Amino acid sequence: MNEFWSRRTCVILTGASKGIGQCLAVEIGKLLVPESTIVLMARDTNGLEKTKEMVNKENSDILVEYYSVDFYNSNATMFEKIVEPIDSTKYELFLLIHNAGSVGNLDHLAADMNDPDEWNKYMLLNLYSVTCLTSVFLSKFNSDTAERCIVNITSLLGIEPFKSVGYYCVGKASREMFFRVLALENPTLNILSYSPGKNLLDYLFLVLIKLNCLYFILGPVLTDMYTNISLNSKDEVVREQFTSGQQKQYIVKVEDTCQKLVNILAMRSYKTGGRVDYYDK
């Protein structure tokens, strides 16, 4: 078994009720050694229960817990209560995966984004809850003997503009910068940016991973968020791009994306501060 996944691990995964989050829980669960734990967070209790069942079906030797969390109304006290029961002395690796997020209001072009309340609501989920949970995570699990790894699911849209998804672009950019600052302030962390490639720029979508600070960005993934943009973007060109035959040939299966990420974490072959492409051999 790979060294990275051969340790007793405590995983905290947000956005775990469907899509990439659910798939990541299953793929990671397959690899965890006995006495490891996965803590799942999302709003949808039914989805979380399904994820738990899927993980336990693959590995009955690990503990899977879940919490229904409204990230629009989260705070440090709430996260502290969730992690409080975890015995930090039991684990050799703590892994936090920030997957929860939203695309934002697709009816607004950049010139229309003038409502502070809408901005605050969007950033509460997509930035403030991330920084808050990260702070609680680092405070709770500060052992000198255990490794702490943080994965942030991001998109190329955090560094490249894309019409009609201004909220999403700003949210991803701000999250990436937060983790870059965190890594700079903590020199022992390793940082990797994962990019899909220049010629797919207009089509890219998710994922990122951070810490060690690993950033993992891949080609477009067929998720609810992807479908939302393809149907509801205010920009006609964007809608056409996301539904075109040319675009569909680049869509990455959720399972392939998650397996790629798990392997990258396991191999640790990335250069700190560098960028890796999903399509790299």
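Aromatic pairs first: there are eight of them in this predicted model. The rule takes the rings of Phe, Tyr and Trp, the last by its six-membered ring, and pairs them if their centres lie within 6.5 Å; planes under 30 degrees apart are stacked, over 60 edge-to-face, and the rest tilted.

Is tyrosine 91 buried or exposed? Buried, at 7% relative accessibility; the cut-offs are under 20% relative accessible area for buried, over 50% for exposed, and partly exposed in between, with a 1.4 Å probe and protein chains only. Phenylalanine 94 is buried as well, at 1%.

Phenylalanine 178 and phenylalanine 179 are also edge-to-face, 5.0 Å centre to centre with the planes at 70°. Here phenylalanine 178 is partly exposed at 25%, while phenylalanine 179 is buried at 0%.

Now charges over rings. The criterion is NZ of Lys or CZ of Arg within 6 Å of the ring centre and within 35 degrees of the ring normal. Arginine 7 has its charged end over the ring of phenylalanine 4, 5.3 Å from the centre. Lysine 121 lies over the face of tyrosine 72, at 5.5 Å from the ring centre.

On conventions, residues are numbered from 1 along each chain as its sequence is written, and side-chain values use heavy atoms, leaving out hydrogens and water. Local features need pLDDT of at least 70 and side-chain atom pairs 80 or more, whereas totals for chains, interfaces and linings use all residues.
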